[in-house]
Amino acid sequence: MLSPTILIPAILNGLLTGAVYALVALGLTLIYGVLHIINFAHGALLSAALFAAFFAYRLLGLDPYIAVFLLSPIFFAFGYALQRFIIGPASGGDDRNMLLITLGIAVVIENALLFAFRADTRTIDVPYAFKTIDFGFTFLAVPRVVGFVAVFLVALVLWLIMTFTDIGRAIRAVAKEKLGAELAGIDVAHVYAMTFGLGSACVAVAACLLIPNYYVNPSVGNSFVLIAFTIVVLGGMGSVPGALIGALLIGVVESLSGLFLGESLGQIGIFVIFIVVLLVRPSGLFGERV
Amino acid sequence: MKGLAPIAAAVAVLAAVPFVVHSNATLNFLIVTLMIALAGQGWNILGGYGGQYSFGHAAFFGTGAYVTAVLQVRYGVNAWLGFGAGIAAGAAFGGIIGALTFRSGLRGSYFALVTLAFAEVLRIIASVAPITGAGVGTLIKLDLGTQAFQFQSRALFYWVVLTLVGVSLVTTRLIERSRFGAWLIAVRENEDAAKALGVDVRSVKTAAMVISGAITAAAGCFYAQYFLFVDSGIAYGTWISIEALLTPIIGGVGTVFGPLLGALVVKSLGEGAKLVTGDVPGLDLIVYGAVLVLVIWFTPRGLIGGFTQVRKRLTRRATPAASSIQEGGHG
């Protein structure tokens, strides 16, 4: 079982899985880094985005890789509105309330999906779903390789936004020193909402990259988001490079523990890492102190 | 003792219900509601009084349910002893999880995440371990009779869960009035200040988690005895973690009657929604989520907090000076 012909493909596949996790985790860590809350609605948003990508293909005939350019602005706007008009005003700025509000929103979204589409699991069948690329020593599925490349593009775009635009500077200012930013004339409510919007847009991109060889049902997002929590904690809450590296690491761990422990028990490896990191080094690999 | 009279009155009124209501469906609804109120009271001790918001109280509920069921089915232990063992196991898990997390100084979002992760790990273990019946779950054999803690009549089950709720209400009131309660509230309001004043913050929080775990586990034990079936999705599922925190928050965090009131309101709303639209999956939970958001939005201290506010506003109109002092003391 330890022969390289099994091990290397397992590691590579783990990296590819990790890349998709990274997209979900990027949104989460971005929101944490600025608002200092864990967005419990992230998983439900992912389920909603997967449904959106599913129907974009089924009803409009849009290929997921094209739909991404339509869905990410829509989810950006949705996330913006959610933070600006519901989470912000409803929580009154209290962190604990924000946690609960995002939980409430998660329950509403997930069950609205269940109510509208029932618990059935659906898939789409794009022509390239089962195409593979021959790397000489192993075959890798096309949609997963596309996902891997796209993650780095998204991370690059995020980095460009954060570094070179006014809103990016404002977001960084608010993340560092909220009161100071407010005194300098930055509209904090707007920045919070922009951040939430960016995080939601990441979810939409993740959904479009996932749907070609994945499935969708109302609670599918939850399995991702628990892993994304782990990644965000492992990488250090609020750290974008931490989320990328943490995600790739978790992808490999999952792939290897699945190989050695079997599919259902393999998940435990992730949670054990999660709990150990939380207990031993809650600041994660790249985070600032808790 | 002062403060116990309202509890006695509330329990007495609730105890009379089966003499008036004979419908099994209604009694079943009330039994489940009281069970959720019990689970919520456990959460309330740690979250409401201690300010530690757990997102994984399923860890205790499920442990209570599984210990009760597995001891009876696999080891032939008497049901009453199994019930007690389930509660003890919940307390022990509370102690272990509390000692680990509070030693690392986890608070706020981090505490919420770590509790969630513990519940999730237990769920995965329960879904594969042979002793819990793995994916199939554990079925308790039907054996009606007091010695097996199984009753033909719903009313008896109702009184059992009501007794448990009564005990939890008295426990909460006693904690509230004790020195330990004062420490716990001090930790909630300002942990650093409490520490500076010499409160052993870690022990206080861990002790709260032990009590909290025991009470929520009691709800799990009751679940196992009442439904006679436990599986990993039910026992350690996120639904119970959510219900356990939802009821005190909606009723009133850090109040004795908050969880009971919250459970009655939330469950009635869920049933009401079902009555209006028929039994559609998801609808009752949509209502839950929306109510949670609205309650936090408009009455951040829950319904009981909302009542107090309205009363204060009314008295303020009568005597402006007196109530402004009250207001100042409240913050």
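The following conversation goes through some features of a predicted model and the reasoning behind the words used for them.

Biologist: Why is α1(A) called oblique to α10(A)?

Modeller: Helix α1 (residues 4–35) of chain A and helix α10 (residues 240–261) of chain A pack at an angle of about 140°, and their axes lie 6 Å apart. An angle has to be over 145 degrees to count as roughly antiparallel, and the range for roughly perpendicular is 65 to 115, so α1(A) is described as oblique to α10(A). The crossing of α1(A) past α10(A) is right-handed, and the residues of this contact comprise 18 nonpolar, 8 polar and 1 charged.

Biologist: What makes α5(A) roughly antiparallel to α8(A)?

Modeller: Here helix α5 (residues 142–164) of chain A and helix α8 (residues 188–210) of chain A pack at about 165°, with 10 Å between their axes. Because angles over 145 degrees count as roughly antiparallel, that is the term applied to α5(A) and α8(A).

Biologist: Which residues make that contact between α5(A) and α8(A)?

Modeller: From α5(A) come V146(A), G147(A), A150(A) and V154(A), while α8(A) supplies C202(A), V205(A) and L209(A). Sorted by class, the contact of α5(A) with α8(A) has 6 nonpolar residues, 1 polar residue and no charged residues. The crossing of α5(A) past α8(A) is right-handed.

Biologist: Why is L228(B) called partly exposed?

Modeller: L228(B) has 16 other C-beta atoms within 10 Å. A residue is exposed with 12 or fewer and buried with 20 or more, so the count for L228(B) makes it partly exposed. L228(B) lies in the loop between α9 (201–227) and β2 (229–230) of chain B, and it too has a positive phi, near 60°, in a residue other than glycine.

Biologist: Which residues touch the most other members of the largest nonpolar core?

Modeller: They are A49(A), A53(A) and A207(A), in a core of 206 residues. Leaving aside neighbours within four places in sequence, A53(A) is in contact with P64(A), A67(A), L71(A), A207(A), C208(A) and I211(A).

Biologist: How many residues does each chain give to the contact between chain A and chain B?

Modeller: Chain A gives 36 residues and chain B gives 34 residues. On the side of chain A, the elements giving two or more residues are α3 (64–91), α4 (95–117), α9 (220–235) and α11 (263–280), and α4(A) provides the largest share, 14 residues. The side of chain A that touches chain B has 26 nonpolar, 7 polar and 3 charged residues.

Methods
Residues are numbered from 1 along each chain as its sequence is written. Chains are lettered from A and ligands numbered from 1 in the order in which they are written. This is a predicted model: local features need pLDDT of at least 70, side-chain atom pairs count only at pLDDT 80 or more; totals for chains, interfaces and linings use all residues. Two residues are in contact if their C-beta atoms, placed from the backbone, lie within 7 Å. Helices (H or I, at least four residues) and strands (E, at least two) are DSSP runs, numbered from the N terminus. Ala, Val, Leu, Ile, Met, Phe, Trp, Tyr, Cys and Pro count as nonpolar, Asp, Glu, Lys and Arg as charged, and the others, Gly among them, as polar. Axes are lines fitted to C-alpha atoms, for helices over the stretch in contact, and angles run from 0 to 180 degrees between N-to-C directions. Angles under 35 degrees count as roughly parallel, over 145 as roughly antiparallel, 65 to 115 as roughly perpendicular and the rest as oblique. A crossing is left-handed if the near helix is turned anticlockwise from the far one by less than a right angle, and right-handed if clockwise. A nonpolar core is a set of buried Ala, Val, Leu, Ile, Met, Phe, Trp, Tyr and Cys residues joined through C-beta atoms within 7 Å.
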